[in-house]
Amino acid sequence: MEIPSKYEPNRVEGHWYAYWMKHDFFSSKPDDREPYTIVIPPPNVTGVLHMGHMLNNTLQDVLIRRARLLGKNACWVPGMDHASIATEAKVVAKLKEEGINKANLSREDFLKHAWDWTNEYGGVILQQLKKLGCSCDWDRTKFTMDDDMSASVIKVFVDLYNEGLIYRGYRMVNWDPEAKTTLSDEEVIYEERQGNLYYLAYAIEDSDEKVIIATTRPETILGDTAICINPNDERYRHLRGKKAIVPLCNRVIPIIEDEYVDIEFGTGCLKVTPAHDENDKNLGDKHNLEVVDIFNEDATLNSYGLHYEGKDRFVVRKEISKELEEKGFLVKTEQHLNKVGTSERTKAVIEPRLSDQWFLKMEELAKPALQGVLKTGDIKLYPSKFDNTYRHWMENIRDWNISRQLWWGQQIPAYYYGDGQDDFVVAETPEEALKLAQSKKPNIQESDLRQDPDVLDTWFSSWLWPISVFGGILEPDNKEVSYYYPTNDLVTGPDILFFWVARMIIAGYEYRGERPFENVYLTGLVRDKQRRKMSKQLGNSPDALKLIEDFGADGVRVGLLLSASAGNDIMFDEALCQQGANFANKIWNAFRLIKGWEVADIAQPEASKTGIEWYTAKLNQTLAEIDDHFSKYRISDALMAIYKLVWDDFCSWLLEIVKPAYQQPIDQTTFNEVIRLFEENLKLLHPFMPFLTEEVWQHIAERTPENALIVANWPKADQANESLISDFDFAAEVISGVRTIRKEKNIPQKETLELFMLNAEKVGSKMDAIIMKLANISKLETVESSLDGALSFRVKSNEYFIPISGAIDVEAEIQKITEELKYTKGFLQSVQKKLSNERFVNNAPEQVVATERKKAADAEAKIETLEKSLASLQ
């Protein structure tokens, strides 16, 4: 095949992805190999590819491609989450544009629209992941609303209900007035917002006295049913047993006593609104208070709101505070910073609301999941700093509110057959429900059953994901789940450590009796250069597909991963993608250089032989380092080790060592070895840069599909020859010393030089040929004493001399060395002064003192070399 002059990712990527798909390289079926399984964190069906997805899925693809190279049966299950709240909001908005109100539709009609929307717009993100190179087993793609997935969810609900773990309760819940549904505690985001503290005067019945109460929500006074004082508060003891009058609505309410009231906050008096605050509800239950709910489900005021009926709560807040002021009830207003709960999905301010909901008891279920992470070490979190976060959540777990007032999702399998609070049955099908209902009330017909209209929380389906994608709920002993479960690695963000990760662990122990995965790699957030979280609102999130178009998928993957250590946020900069693209070009140009050499049946030069031995040792050393990084989930460090190996050691050193002279051929032995080593590099790079590496691999030789890089073998590390690596490092310093002198003295590289060495320690003589070639040295000899009239430099305890030719300005050189000598002596003096200070030596850390002593020793050695150089020139 003809090799293009430059790497063209836009041409290459589609070709190789189609090739991998055609030959079924991504698919997995149970066999005799060791399985390696990842289940994708299912993106919302409404989602499109953003930087967080790019990072998360690149990491998963790196792990899955490496597992494939290691000979494991790699299975990466893709899929999507139906995202009840987000999807229903999208469908409702689309219907609104078409002039259709959801309230005017039947459930069946609405669900038809939802499925139409899902089929038209859903799943875009999965197609976009292919552009990134993700090697998912696409035949296994699952959707949390697939029939078998929904059946799994319903079965689990019925099982847990029958175990007494799911119950229906009238509780204070988090109400999202925009989505018109309840939310679990974990779906509420608390934000600090600047608001006001309103001081209101409540008249005491049959008295001229007034009591002042501070509130942040003046609109809720219309739901007040008591005033509470602390029994230990001397200021209000005279109010015991009296009653107060609520401003505007003139409701007469009791004054109650409870130590719950904070004497120090506000005025030490508390208005009690049981329908709109959880703590007030607890007080109301304790003191048998009336409950007055003033809100509709969209947070407008109902008939209890008097003349404010139908108006939004925030509009009412402004208007009622103005009315209270005009009528003399508002004493004063102060600015007040308080935490406001908002919906994670719609961003609406949450309204505490009393409602009949379904709950799952979590305390006992959570215990095995807590032990699995923190005691037995069955499951490991990377980085481990998240162990404490996990512990806090799990030890303070509350019952999970699993019902949502939506239509898109799995409908709760509870069937009502009467008017009583407990007149319901729970069953997987209407037929089973009818039998259960008839056992309680024989004359019931199927038409008498009414299924609960609510759906289950989206997380109640995704907590089963690692089990249900393999059919493990409906068929617990099937071949697939027995082979692939438990899965190996989970890659996700710490923001859903409780939402999803902890709940999957709970489900794993409950339904399979074992962990769902072994390792959880928690990525950081992708932020911009100003450390801001990327978001549509800020407009600081780049178009992911445009980045791939501009820099190539491999360039973007490398750019993201070079700065993405586990659990740490990454500061994204397009320059990182440019760095990745530059690396791709470096590899491509190295390949073109090698393939451009003429090969001949000639003897192998000593420098080439030694260079190949050295690079083989370096490759083995780096491979051990890479494998260690992978074992600790330091994916970024693994890439950096490969990056340095290929850019520095292979391209900058080895290719220079073996490169034939201008218009001269390379020997066959060296050429074959360089190609072999290049292929080993490509195997290491493939998980990170799949497209580029497959393209180069297929250009190197004609390959059948069985010999494609994607299914090659990961290199096996041999014992690295450490002494050879050490000798080369020494030789590299010598070469750099010669090159520095050439640069400083403007001596061209093509001009040969002689090099003499005053020995203290001998670098392995095998390196002489490499030094002579790369430094263009015609003679390399050892001398017993310093050479006069020569330029010199030092490497460790060895001193090297280069005789000067007439081209060097001796006077200028003397002046330069004199200035450097003066500076170095001054530097040595400052270090010695520090070391002569007993307080510094006795109190500074040992490592700091050792560093200063080394600086002094190095400076003394440099002064000696400079003085000798100066003497030889004078």
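How far apart are the mean positions of the positive and negative charges of the chain? In this predicted model, the mean positions of the 105 positive charges (Lys and Arg) and the 139 negative charges (Asp and Glu) are 3 Å apart; His and the chain ends are not counted, and each charge is placed at NZ of Lys, CZ of Arg, CG of Asp or CD of Glu.

Residues are numbered from 1 along each chain as its sequence is written. Local features need pLDDT of at least 70, side-chain atom pairs count only at pLDDT 80 or more, and totals for chains, interfaces and linings use all residues, while side-chain values use heavy atoms, without hydrogens and water.

The chain contains 27 helices and 31 strands, defined as DSSP runs (H or I, at least four residues, for helices; E, at least two, for strands) numbered from the N terminus. Of its 874 residues, 53% are buried, meaning under 20% relative accessible area with a 1.4 Å probe and protein chains only (exposed, over 50%; partly exposed, in between).

The whole structure holds 40 aromatic pairs, in which ring centres of Phe, Tyr or Trp (its six-membered ring) lie within 6.5 Å (stacked, planes under 30 degrees apart; edge-to-face, over 60; tilted, the rest). Y161 and W358 form an edge-to-face pair, because their centres are 6.5 Å apart and their planes stand at 70°. Y161 belongs to helix α6 (residues 147-162) and W358 to strand β14 (residues 351-360), so the pair ties together parts 197 residues apart in sequence. Y161 is partly exposed, at 25% relative accessible area, whereas W358 is buried, at 0%.
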